[in-house]
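How do you get from a value to a word?

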Amino acid sequence: FKVIVPAEPVDTTVGSSIVLPCRLSPEMSAAAMEVRWFKENFDNLVFLYKEGKETEGSDYRSRVRLFRQEMERGNVSLLLQNVRISDQGLYKCHVSSVDWYEEPQLQLRVTRTFKLIVPSEPVAASVASDVVLPCQLSPEMSAAAMDVRWYRENFENLVFLYKEGKETEGSGYRGRVRLFKQEMERGNVSLLLQNVRISDQGSYTCHV
């Protein structure tokens, strides 16, 4: 038998589910065979089906499975759920019977796509108080390696910039603005604006 995988890379996005296609040709049951999905090298286990038992790799717990009912028809495709950026790479679909095996490889490419969630209602604050301008990445993912720019009315009117770990405050906001650094790992890029002035009123944009 031959083991068939796509020649083209499989593309997906962070947080989604994706099928890594793999099938036997000619069509035959794989139920009595060993099916091992691994990444890059044989020891980096993603999923193992052997003698009817299933084993998930440590980085893939509760995120991977085969389509058991499809195995009778030679479908040994892998469902990978809640995709992470670290899942990107070369995967091998190793299928072995008593006297034969094949392990073709396919490439998984992962991109980050996200939405920014901000309140639809205006945020109210009183003069001299502190206020949080909420902004959250969805799905939840780390923003630590991203560029975060808060600006007011137009892109050039900088309020706060976080870029490559460095922070820059806009000229009218020195000593009054910051992000919640420890929260950025969870996708929180909200801005704390302290000692609010009447001149701070306006439309703010969270650009990530």
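This is a predicted model: local features need pLDDT of at least 70, side-chain atom pairs count only at pLDDT 80 or more; totals for chains, interfaces and linings use all residues.

Q: Why is the pair of Phe38 and Phe42 called edge-to-face?
A: The ring centres are 5.1 Å apart and the planes stand at 65 degrees. Rings pair if their centres lie within 6.5 Å, and planes over 60 degrees apart count as edge-to-face. Both conditions hold, so the pair is edge-to-face.

Q: Is Phe38 buried or exposed?
A: Phe38 has a relative accessible area of 2%. Buried means under 20%. Therefore Phe38 is buried.

Q: What makes Phe42 partly exposed?
A: Its relative accessibility is 36%. Partly exposed lies between the buried limit, under 20%, and the exposed limit, over 50%. So Phe42 counts as partly exposed.

Q: How many aromatic pairs does a search of the whole structure find?
A: The search finds 2 aromatic pairs. One of them is Phe38 with Phe42. Another is Tyr151 with Phe155, at 5.2 Å centre to centre and 65 degrees between the planes. That pair is also edge-to-face.

Q: Why do Tyr151 and Phe155 get the labels they do for accessible area?
A: Tyr151 has a relative accessible area of 13%. The buried cut-off is under 20%, so Tyr151 is buried. Phe155 has 36%.

Q: What sits over the ring of Phe155?
A: The charged end of Arg149 does, 4.1 Å from the ring centre. The distance cut-off is within 6 Å, and the charge must also lie within 35 degrees of the ring normal.

Q: How do you know that S3 and S9 pair?
A: They share 3 bridges, in the antiparallel sense. Two strands pair if there are at least two bridges between them, so S3 and S9 qualify. Leu20 has Leu78 in S9 as its bridge partner.

Q: What makes S3 and S8 edge strands?
A: The open sheet has 3 strands in the order S3-S9-S8, with antiparallel pairing. S3 (18-20) and S8 (64-66) each pair on one side only. Neighbouring strands in this sheet are turned by 25 degrees against each other on average, direction ignored.

Q: Where is Gln81, and why is it called partly exposed?
A: Gln81 is in the loop between S9 and S10 (89-96). Its relative accessible area is 31%. Gln81 touches residues including Ser16 and Arg63.

Conventions. Residues are numbered from 1 along each chain as its sequence is written. Side-chain values use heavy atoms; hydrogens and water are left out. Helices (H or I, at least four residues) and strands (E, at least two) are DSSP runs, numbered from the N terminus. Axes are lines fitted to C-alpha atoms, for helices over the stretch in contact, and angles run from 0 to 180 degrees between N-to-C directions. Rings of Phe, Tyr and Trp (its six-membered ring) pair if their centres lie within 6.5 Å; planes under 30 degrees apart count as stacked, over 60 as edge-to-face and the rest as tilted. Buried means under 20% relative accessible area, exposed over 50%, partly exposed in between (1.4 Å probe, protein chains only). Contact means heavy atoms within 4.5 Å. Lists of a residue's contacts leave out its neighbours within four places in sequence.
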